[in-house]
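I opened a new structure today and kept notes as I went. Here is what I had on screen.

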Amino acid sequence: MSDTKDGAPSAFGSGLSLELLKAVSRSFYLSMVWLPAPMRRGVALGYLLARATDSVADSSSAPSERRESVLEAMGRCIAAPAALPEEPELLQSLREEMAAAQQKPSEAELLRRFGDALRALRALPVGEAALLREVLDSIIEGQLWDLRYFRRREVVERDDDTRRYTQLVAGCVGIFWTRLGRVTLGEHFCPADRAELMEQAAARYGRGLQLINILRDRREDAARGRRYLCSDPQIWLSRAERYMRDGLDYSRRLGLMRLRFASMLPALIGLRTLRLLRRNRDETKRVRIPRRSVWAALAQALCLSLRRRRTRLL
């Protein structure tokens, strides 16, 4: 994946920088760069758009009601195949108001470049753009639910609400990933007769990754008046571990070695995170994966991705 002379990767167009993607998510970037080129553009652009909406949802210095209205406007502009009359006002708000509310310079820059991301989305082939709009609609629905729910209470009251939230913001990403792979790579991604089962496994994988985020960030979220779990965290740890195993199984069944490597790396890092969470007795201390564990996961992913599982998906 090479950059053009102006510093923008050719996979994007519209002036979006590969360095911006790397700055807002180093862990995702590790996986994304290994994807086959036909799939890389849609995955990377979808991440940037989702990260932009997430930056608005998490702008703690902006009032909740204001974040909600900006998120809704972002959703309408993403859904539109051409610029809406409200788009210039939204882009100005993102450049000035919401960018100023960010703690990380990379996320502020991402919001300032939201117009570039919209233009890149509208330049995609129709089928790819439709998949991006579908997944982003689900993600924004989950982000809006989060804002509205915790405006009235501090703890999720039912396990079903946690499950629904993780599906809206992350399970849908697994389905998107699978459908985009089928659209861009066809049988090289996975056989058509396995696509539905693969989508189900990918949705569990996505939910598991979000559960790991929730389990890892419990202390910080509680300080912000957000508790996403109302039952024993150990139950959710076990569920997340099972979903990571589903993710590894899913990854092994993909048709190309580069796909298997890119897909299984988050699961291997996730399993290492879960082991640290199980051993952590000091809940005031945030669990962080050491660099050596990331390198170990990379090596393990490389070894596992050289072998493809061909038995029927359960």
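My entries below go topic by topic.

**Ground rules**

I am working with a predicted model, where local features need pLDDT of at least 70, side-chain atom pairs count only at pLDDT 80 or more, and totals for chains, interfaces and linings use all residues. I number residues from 1 along each chain as its sequence is written, and side-chain values use heavy atoms, with hydrogens and water left out.

**The core**

I looked up the largest nonpolar core. A nonpolar core is a set of buried Ala, Val, Leu, Ile, Met, Phe, Trp, Tyr and Cys residues joined through side-chain atoms within 4.5 Å. Buried means under 20% relative accessible area, exposed means over 50%, and partly exposed lies in between (1.4 Å probe, protein chains only). This core has 96 residues, and L94 and F114 touch the most other members. Helix α8, residues 126-152, gives the most to the core, with 12 residues. I take helices as DSSP runs (H or I, at least four residues), numbered from the N terminus.

Which residues does F114 touch? I set aside residues up to four places away in sequence and found L49, A52, M74, I78, L90, L91 and L94. Contact here means heavy atoms within 4.5 Å.

**L90**

I followed L90 next. L90 sits in helix α5, residues 87-100. L90 is buried, at 5% relative accessible area. Beyond four places in sequence, L90 touches V70, A73, M74, C77 and F114. V70 is 20 residues from L90 along the chain, and their C-alpha atoms are 7.2 Å apart.

**L110**

L110 belongs to helix α6, residues 105-112. Is L110 buried or exposed? L110 counts as buried, at 3% relative accessibility.

**W34**

I found W34 in the loop between α2 (26-32) and α3 (37-57). W34 is partly exposed, with a relative accessible area of 36%. Neighbours within four places aside, W34 is in contact with R258, F261 and A262. From W34 to L90 is 56 residues along the chain, and 34 Å between C-alpha atoms.

**I214**

Helix α10, residues 195-216, holds I214. I214 is buried, at 3% relative accessible area. Leaving out neighbours within four places in sequence, I noted contacts of I214 with Y165, T166, Y228 and L229. I214 and L229 are 15 residues apart along the chain, with 8.2 Å between their C-alpha atoms.

**Two helices together**

Two packed helices are described by the angle between their axes and the distance between the axes. I applied that to α8 and α9 (residues 159-185): the angle is about 170°, and the axes are 9 Å apart. Axes are lines fitted to C-alpha atoms, for helices over the stretch in contact, and angles run from 0 to 180 degrees between N-to-C directions. So α8 is roughly antiparallel to α9, a label for angles over 145 degrees. Their contact has 14 nonpolar, 5 polar and 7 charged residues. Asp, Glu, Lys and Arg count as charged, Ala, Val, Leu, Ile, Met, Phe, Trp, Tyr, Cys and Pro as nonpolar, and the others, Gly among them, as polar.

**Cysteines**

How many disulfides does the structure hold? I found 0 disulfides, counting a pair of cysteine sulfur atoms within 2.5 Å as one. C230 is partly exposed at 36% relative accessible area, and C303 is partly exposed at 47%.

Notes: Helices (H or I, at least four residues) and strands (E, at least two) are DSSP runs, numbered from the N terminus. Angles under 35 degrees count as roughly parallel, over 145 as roughly antiparallel, 65 to 115 as roughly perpendicular and the rest as oblique.
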